[in-house]
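Have the sequence and the 3D view open while you read.

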Amino acid sequence: PPIYRERLGSHLSVSLWEESLPPGSMLLMFADTAQKSGVDYSAIRCRASDKTVLAEVHGRGLVSELAAAVEWLINHYCGHVRNYTRYCVAVERNAGTGRDLLDHLVNMGIPISTRYGVYAERVTSKRPGARGRQTLRPGLQQTHATRAMFLERIAHAVEGTGWSEVDNSPVPLGPSGPPFRSEYLVNELSALVEIEGRWAAPSGGHDDLAIADGGALYLAERLS
């Protein structure tokens, strides 16, 4: 069970399994955002850069409540949002709520970077006059392929391993104890099905925590 659990706002809950970051680690967060704010489920999973499971947020919260939850977690583990080199938060950009959450975080004064603060992807501009120029685009664009990749990472994490970005070989998850700790996440994982060679939630099921945790593992690999 978590060492701490409480309500954040009207429809979000936060669970903590570690009181502080492991020495020398960064706080990594991935937010899988809802299609409709306050209606569908959103989830945030937090791991340290050594992949230790730290915390999660889950529920049908409004975008403003999700932003407040991110700020709460940063303050708890890193002291203040100004300590932005100590954390990196990635947000699924696809949904309108994801873009709204990114706006909230940027408005807090959190910088955009490929290494810390608000995670951004480096993209090549196609605009006239700027064609070929590289820019930073906040958030992470998800596709069926990336969602399947995230789910595959945590499907294999059941065995206590992840996958290397270099040669796709198994790598240890680090000193995280139980690989997931969350009963809600374990329930989601137990219900996953394989459809045309890809892991997915069954019809009517949820995979928001699973995607968020897979995204946090992906982030840890990208920043290692």
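Where is the place of Arg181? Look in the loop between β11 (170-172) and α4 (183-191). Bear in mind that this is a predicted model.

Arg181 has a phi near 70 degrees, a positive value in a residue other than glycine. Most residues other than glycine have a negative phi.

Lys51 is another residue to look up, with a positive phi near 80 degrees although it is not a glycine. You'll find Lys51 in the loop between β4 and β5. Buried or exposed, then, for Lys51? Lys51 is buried, at a relative accessible area of 9%.

**The whole chain**

Stepping back, the protein has five helices and 13 strands. Of its 224 residues, 47% are buried. Take the contacts between residues at least 6 apart in sequence: 59% of them join residues at least 24 apart.

**Around strand β5**

β4 and β5 form a hairpin with four residues between them, and Lys51 sits in the turn. Strand β4 (residues 42-48) runs antiparallel to β5, and six bridges join them. One place to check this pairing is Ile44, which stands opposite Val57 in β5.

β5 has another partner too: strand β2 (residues 12-16) pairs with β5 in the antiparallel sense over five bridges. Here Ser13 stands opposite His58 in β5.

How many residues of strand β5 (residues 53-59) are buried? The count is seven of its seven residues, so the strand is mostly covered, given that buried means under 20% relative accessible area. In a regular strand the side chains alternate between the two faces of the sheet.

**Two helix pairs**

Two packed helices are described by the angle between their axes and the distance between the axes. Start with helix α1 (residues 63-78) and helix α2 (residues 96-107), which pack at an angle of about 50 degrees with their axes 9 Å apart. That angle makes α1 oblique to α2. The crossing of α1 past α2 is right-handed. From α1, the contact draws on Val63, Ser64, Leu66, Ala67 and Val70, while α2 brings Thr97, Asp100, Leu101, His104 and Leu105. By type, the residues of this contact of α1 with α2 are six nonpolar, three polar and one charged.

Now for α4 and α5, which pack at an angle of about 105 degrees with their axes 8 Å apart. At that angle α4 is roughly perpendicular to α5. The α4 side of the contact consists of Tyr184, Leu185, Glu188 and Leu189, and the α5 side of Asp208, Leu209, Ala210 and Asp213. The contact of α4 with α5 divides into five nonpolar, no polar and three charged residues.

Asp32 is found in strand β3 (residues 27-32). Which residues does Asp32 touch, not counting those up to four places away in sequence? They are Ser42, Ala43, Glu92, Gln142, Arg147, Asp208, Ile211 and Ala212. Asp208 also turned up on the α5 side of the contact with α4.

Ala120 lies in strand β8 (residues 117-124). Leaving aside neighbours within four places in sequence, Ala120 is in contact with Ile112, Ser113, Thr114, Leu136, Arg137, Pro138 and Gly139. Ala120 and Val91 are 29 residues apart in sequence, with 9.0 Å between them in space, C-alpha to C-alpha.

Ser224 is in the segment after α5 (208-223). The C-alpha atoms of Ser224 and Arg115 are separated by 9.8 Å, and the two residues are 109 apart along the chain.

Here is how some of the residues in this report come out for accessibility:

| Residue | Relative accessible area | Class |
|---|---|---|
| Asp32 | 4% | buried |
| Lys51 | 9% | buried |
| Ala120 | 1% | buried |
| Ser224 | 76% | exposed |

Why does Ser224 count as exposed? Its relative accessibility is 76%, and exposed means over 50%. Ala120 is buried because its relative accessible area, 1%, is under the 20% cut-off.

Notes: Residues are numbered from 1 along each chain as its sequence is written. Side-chain values use heavy atoms; hydrogens and water are left out. Axes are lines fitted to C-alpha atoms, for helices over the stretch in contact, and angles run from 0 to 180 degrees between N-to-C directions. Helices (H or I, at least four residues) and strands (E, at least two) are DSSP runs, numbered from the N terminus. Angles under 35 degrees count as roughly parallel, over 145 as roughly antiparallel, 65 to 115 as roughly perpendicular and the rest as oblique. A crossing is left-handed if the near helix is turned anticlockwise from the far one by less than a right angle, and right-handed if clockwise. Contact means heavy atoms within 4.5 Å. Ala, Val, Leu, Ile, Met, Phe, Trp, Tyr, Cys and Pro count as nonpolar, Asp, Glu, Lys and Arg as charged, and the others, Gly among them, as polar. Buried means under 20% relative accessible area, exposed over 50%, partly exposed in between (1.4 Å probe, protein chains only). Two strands pair if DSSP finds at least two bridges between them.
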